[in-house]
Structures are given as C-alpha cells and as structure tokens.
Amino acid sequence: MSDQQVDKGKRTWIIATGCAGAVGGVATAVPFVSTFAPSERAKAAGAAVEVDVGGLAPGEKLTVEWRGKPVWIVRRTPEQLKALPGNDPELADPKSDRKAFPMPEYAKNEWRSIKPEYLVVVGICSHLGCSPSDKFQSGPQPSLPDNWHGGFLCPCHGSTFDMAGRVFKNKPAPDNLEVPPHMYLSDTKLLIGEDKKA
C-alpha cells in the first residue's frame, strides 16, 4: 500500500467523522434552540383580551385577566365623576406625572381613561402588590376619611385610591394604579393590551 493511498484513506475517515459529528451537533442543537421560542401558553398569556362592557351598569366593576394581572373595568356613576376634581388637593400625583408606569396619552386627563364613564386599571397596589378592595360607597367608613367620595382601599397597608385609581397623599403606595394599553373596538367592545389599530 502506497503512502498516497494511506493519506487518501485518512482524509476520507476524517471527512466522514467530521460529517457525522456535524449531523450529531445539529440534531442536539435543534431541540435546545427550539426552547427559546415562546410556548403557545406564553403567547396566549401576553395576548390582548377583548371584553364586552355593554352589560356593565353604572357603579359596577368587571375584572378580567391580562398578562396574569387583574384588570378592573369600572363604569363610574355621574356622581363619582363629578367628585374626582375635588380629590386633587389630597392626592399624591393628581395629574399622573410620575413615570412609574408608562401612561398612555389618552389617559392623561382627570378621569384617566378614554371614555370618562369607564375606568380601566390594573388592580394591583403600587406598594407591595396587594389587590385593593372596592369602597365605592361615599361617606364615612372604617379605615376611610369622613369626606370619602368612593374608590379603593388596600387591605394590606391602608393605601387609598380614588375612582380614577389615583393614590392619596401620605400613604404607603408611591404611585397611582397602572392604566394598561387599551382601546375601544366599538361602543361596548374594549380591547385590553393593545391601543393601536393594525
């Protein structure tokens, strides 16, 4: 056997071994790389949520889940809307100027929503993540001021929020309740999680 035949045999063996190694490497990498893609469950968890608010009467609240968080939709009464400006001197951030949460342009108003009668906020206190309780009735109540106009009370540490989700001064919660991106698809259909038409 000549030296050329030996070299040719070695080259063939090296190429065959290299190809087998490459195929094995690809076979191992494909399942690993596929784990980087989000699962269908994860995609669904971040998807926008469509809600029909047509059956919501004034003074009622509806809770839906978006991205694992409770989102409250409250249909405010005319009396609740009228009381909102009177709360301003007692609020920590009446104009929602703080940048704790990105504030959509359409929520930079006294009612913090697109349509005055509907409040859409994430129902999680900005202090330690508890879920505040509804305290829509106005007037004196336990743990609330005598001039209460309705809103929310966090049972964990006593933070209070008005009917626009704005936090009162000198409370543990540092910021107002978050307004999620949302838009109306019709007069009664609300889409939470998106605010731009495709």
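This is a predicted model: local features need pLDDT of at least 70, side-chain atom pairs count only at pLDDT 80 or more; totals for chains, interfaces and linings use all residues.
Biologist: Where do I start with the sheets? Which strands make up the open sheet of three, and in what order?

Modeller: The order is β5-β6-β7, and the pairing is antiparallel. The edge strands are β5 (133-135) and β7 (160-162), each of which pairs on one side only. From one strand to the next, the twist averages 30°.

Biologist: How many bridges join β5 and β6?

Modeller: Three bridges join β5 to β6, which covers residues 151-153, in the antiparallel sense. For a landmark, find S133, which stands opposite L153 in β6.

Biologist: Now β7. Is T160 buried or exposed?

Modeller: T160 is found in strand β7. Its relative accessible area is 2%, and under 20% counts as buried, so T160 is buried. Leaving out residues up to four places away in sequence, T160 touches several residues, among them L144, W148, F152 and F168.

Biologist: Let us turn to β4. How do I read the two faces of a strand?

Modeller: In a regular strand, side chains alternate between the two faces of the sheet. Here both faces of β4 are covered. Y118, V120 and V122 are buried on one side, and L119 and V121 are buried on the other. Five of the five residues of β4 are buried, so the strand is largely enclosed by the rest of the structure.

Biologist: Which strand pairs with β4 in the antiparallel sense over five bridges?

Modeller: That is β3, residues 69-75.

Biologist: What about the nonpolar core? Which residues touch the most other members?

Modeller: The general idea first. In soluble globular proteins, nonpolar side chains tend to be buried together. In this model the largest nonpolar core has 19 residues. V74, V121, F152, F161 and L177 touch the most other members. β3 and β4 each supply at least two residues of this core. There is also a second, separate core of 14 residues, including V64, Y118, V120 and I192.

Biologist: Which residues does F161 touch, not counting residues up to four places away in sequence?

Modeller: The contacts of F161 include C125, P132, W148, F152, F168 and L177.

Biologist: Some of those are aromatic. How do I describe a pair of rings?

Modeller: A pair of aromatic rings is described by the distance of the centres and the angle of the planes. A search of the whole structure finds four such pairs. Take Y118 and Y184: their centres are 6.3 Å apart, with 50° between the planes, and the pair is tilted. Y118 lies in strand β4 (residues 118-122) and Y184 in strand β8 (residues 182-184). The two are 66 residues apart, and the pair links distant parts of the chain. Both Y118 and Y184 are buried.

Biologist: Why does the pair of W148 and F168 count as tilted?

Modeller: The ring centres of W148 and F168 are 5.8 Å apart, and the planes meet at 40°, so the pair is tilted. W148 is in the loop between β5 and β6, and F168 is in the loop between β7 and β8, so the pair ties together parts 20 residues apart in sequence. W148 counts as buried at 3% relative accessibility. F168 counts as buried too, at 9%.

Biologist: Which residues form one aromatic cluster?

Modeller: W72, F136 and F152 do.

Biologist: Where do charged ends sit over rings?

Modeller: The charged end of K61 sits over the ring of W72, 4.1 Å from its centre. The charged end of K115 sits over the ring of Y184, 4.3 Å from its centre.

Biologist: Another lysine, K189. Where is it found?

Modeller: K189 is in strand β9, residues 189-192. At 31% relative accessibility, K189 counts as partly exposed. K189 and V51 are 138 residues apart in sequence, yet their C-alpha atoms are 5.7 Å apart in space. The contacts of K189 include E50, V51, D52 and Y184, not counting residues up to four places away in sequence.

Biologist: Last, the backbone. What is the phi of R112, and where does R112 lie?

Modeller: Phi of R112 is near 55°, a positive value in a residue other than glycine. R112 lies in the loop between α3 (78-87) and β4. Its relative accessible area is 1%, and R112 is buried. N170, also not a glycine, has a positive phi of about 55°. N170 lies in the loop between β7 and β8. At 79% relative accessibility, N170 counts as exposed.

Methods
Residues are numbered from 1 along each chain as its sequence is written. Side-chain values use heavy atoms; hydrogens and water are left out. Two strands pair if DSSP finds at least two bridges between them. Helices (H or I, at least four residues) and strands (E, at least two) are DSSP runs, numbered from the N terminus. Axes are lines fitted to C-alpha atoms, for helices over the stretch in contact, and angles run from 0 to 180 degrees between N-to-C directions. Rings of Phe, Tyr and Trp (its six-membered ring) pair if their centres lie within 6.5 Å; planes under 30 degrees apart count as stacked, over 60 as edge-to-face and the rest as tilted. Buried means under 20% relative accessible area, exposed over 50%, partly exposed in between (1.4 Å probe, protein chains only). A charge sits over a ring if NZ of Lys or CZ of Arg is within 6 Å of the ring centre and within 35 degrees of the ring normal. Contact means heavy atoms within 4.5 Å. A nonpolar core is a set of buried Ala, Val, Leu, Ile, Met, Phe, Trp, Tyr and Cys residues joined through side-chain atoms within 4.5 Å.
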